[in-house]
Amino acid sequence: MTLDLDGAVDLIACACSLHWFDLGEFYPLARRALKPGGVLAAWTYDWPRTGRAPLDAVLETLKSGILGRYWGQNAHYYFSGYRTLPFPFAEREAPLFTTKIAESKDDLRRFLSTWSAVRRYEEDTGRNPLDLVDKALEDAWRAAPGARRRGAAVSALRI
C-alpha cells in the first residue's frame with residue numbers, strides 16, 4: 001500500500017527512535033510529507049542518573065563496561081541527547097525535561113532491561129547482564145537516602 005502524504009502532515013513525532021532510522025531515507029520522506037510549517041519532533045532520554053555517586057558508578061559500569069560493545073552503531077546520537085544527530089530542518093528552541101524512571105531498584109532494573117544492548121548481550125552470551133551488577137546495584141540503592149535515590153533521565157527534544 002502506498003500513501004499519498006505529500007504536504008499532508010502537520011507533525012511527525014519520533015519518540016526515542018530516530019537513532020534507529022536510516023536518516024538518508026527518512027529525512028527526504030519526512031520533508032515531503034510535512035506541510036509548509038510542519039514540524040519534525042524527535043526526542044530521546046539519556047542514560048539514567050540518580051545524583052548519587054555510588055549508584056551512578058554502577059550504572060556507568062553497566063553502560064560502558066559490560067554493555068559497551070553491544071550498543072547499536074548510532075547509539076552515540078542517543079548518548080549525546082541527539083545534539084550530534086544530523087537534523088536538516090529549521091530548529092526551534094526546545095526545553096530539556098526530566099523523566100522519572102524508577103522509584104525502586106526493581107523499577108530501575110525493569111527499565112534497564114528494555115534497552116537494546118541488554119537484549120544483544122543476552123542473545124550473545126545467554127546471560128542477563130543486569131545480574132552482573134545486581135548486588136552492587138542493590139547495595140548502592142540501599143545506601144542512597146530517600147528521594148535522592150530515584151532514577152531519572154534527562155530527555156532531549158529537537159523540533
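Biologist: How far is the sulfur of Cys16 from the closest cysteine sulfur, and in which residue is that sulfur?

Modeller: This is a predicted model, where local features need pLDDT of at least 70, side-chain atom pairs count only at pLDDT 80 or more, and totals for chains, interfaces and linings use all residues. Residues are numbered from 1 along each chain as its sequence is written, and side-chain values use heavy atoms, with hydrogens and water left out. A disulfide is a pair of cysteine sulfur atoms within 2.5 Å. The sulfur of Cys16 is too far from its closest cysteine sulfur for a bond, at 10 Å, and that sulfur is in Cys14.

Biologist: Is Cys14 buried or exposed?

Modeller: Buried means under 20% relative accessible area, exposed over 50%, and partly exposed in between (1.4 Å probe, protein chains only). Cys16, at 26%, counts as partly exposed. Cys14 has 3% relative accessibility, so it counts as buried.

Biologist: How many aromatic pairs does a search of the whole structure find?

Modeller: Rings of Phe, Tyr and Trp (its six-membered ring) pair if their centres lie within 6.5 Å; planes under 30 degrees apart are stacked, over 60 edge-to-face, and the rest tilted. The search of the whole structure gives a total of 13.

Biologist: What kind of pair do Tyr78 and Phe79 form?

Modeller: Tyr78 is buried at 5% relative accessibility, while Phe79 is partly exposed at 21%. Their ring centres are 4.7 Å apart and the planes meet at 65 degrees, so the pair is edge-to-face.

Biologist: Which residue has its charged end over the ring of Phe79?

Modeller: The criterion is NZ of Lys or CZ of Arg within 6 Å of the ring centre and within 35 degrees of the ring normal. At 4.4 Å from the centre of the Phe79 ring sits the charged end of Lys63.
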